[in-house]
Amino acid sequence: MIKYESMYILKPDMEEEKKDALVKRFSDIVEKSGGKVEKIDEWGKKRLAYPIQYLNDGYYVLMTFEAETTLPAELERNYKISDDVLRYMVVNLEDQKA
């Protein structure tokens, strides 16, 4: 299994329950695919570097996990189809060590 880090930005005006449900949904995708979520770090509402969809703020979430090589594509597909995700990125942490 390979270590990954995923950062995603949610719309800031969402209700707390909906934010929690999305964070749980994305971590469940990792676990159901045989991966292991090591840490979920919710940074909270932060200012964006530039407006996205006419929004100046976003709710930042950082997730560290271990998974097989096919999982990041599935996770990115789920980020794409969610209307509440403004931006996302998945990084292979083991490639960064070189």
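**A negative patch and a β-hairpin**

Glu15, Glu16, Glu17, Asp20 and Glu42 together form a negative surface patch. Such a patch is made of residues with over 30% relative accessible area and no salt bridge, like charges being joined within 9 Å. A salt bridge is a side-chain nitrogen of Lys or Arg within 4 Å of a carboxyl oxygen of Asp or Glu. Asp and Glu count as negative, with the charge placed at CG of Asp or CD of Glu. Areas follow the Shrake-Rupley method with a 1.4 Å probe. The model is a predicted one, in which local features need pLDDT of at least 70 and side-chain atom pairs pLDDT 80 or more, while totals for chains, interfaces and linings use all residues. Residues are numbered from 1 along each chain as its sequence is written, and side-chain values use heavy atoms, without hydrogens and water.

The element that gives the most to the negative patch is helix α1 (residues 16-32), with three residues. Helices (H or I, at least four residues) and strands (E, at least two) are DSSP runs numbered from the N terminus. Glu16 is found in helix α1, and its relative accessibility of 44% makes this residue partly exposed; the class lies between buried (under 20% relative accessible area) and exposed (over 50%).

β3 itself is mostly covered, with 10 of its 13 residues buried.

β2 and β3 form a hairpin with two residues between them. Gln53 is found in the loop between β2 (36-52) and β3 (55-67), and its phi is near 50°, a positive value in a residue other than glycine. Tyr54 lies in the loop between β2 and β3 and likewise has a positive phi, of about 65°, although it is not a glycine. As for accessibility, Gln53 is partly exposed, with a relative accessible area of 47%. Tyr54 is exposed, at a relative accessible area of 83%.

Notes:
Buried means under 20% relative accessible area, exposed over 50%, partly exposed in between (1.4 Å probe, protein chains only). Patches are made of residues with over 30% relative accessible area and no salt bridge: like charges are joined within 9 Å, nonpolar side chains (Val, Leu, Ile, Met, Phe, Trp, Tyr) within 5 Å. Two strands pair if DSSP finds at least two bridges between them.
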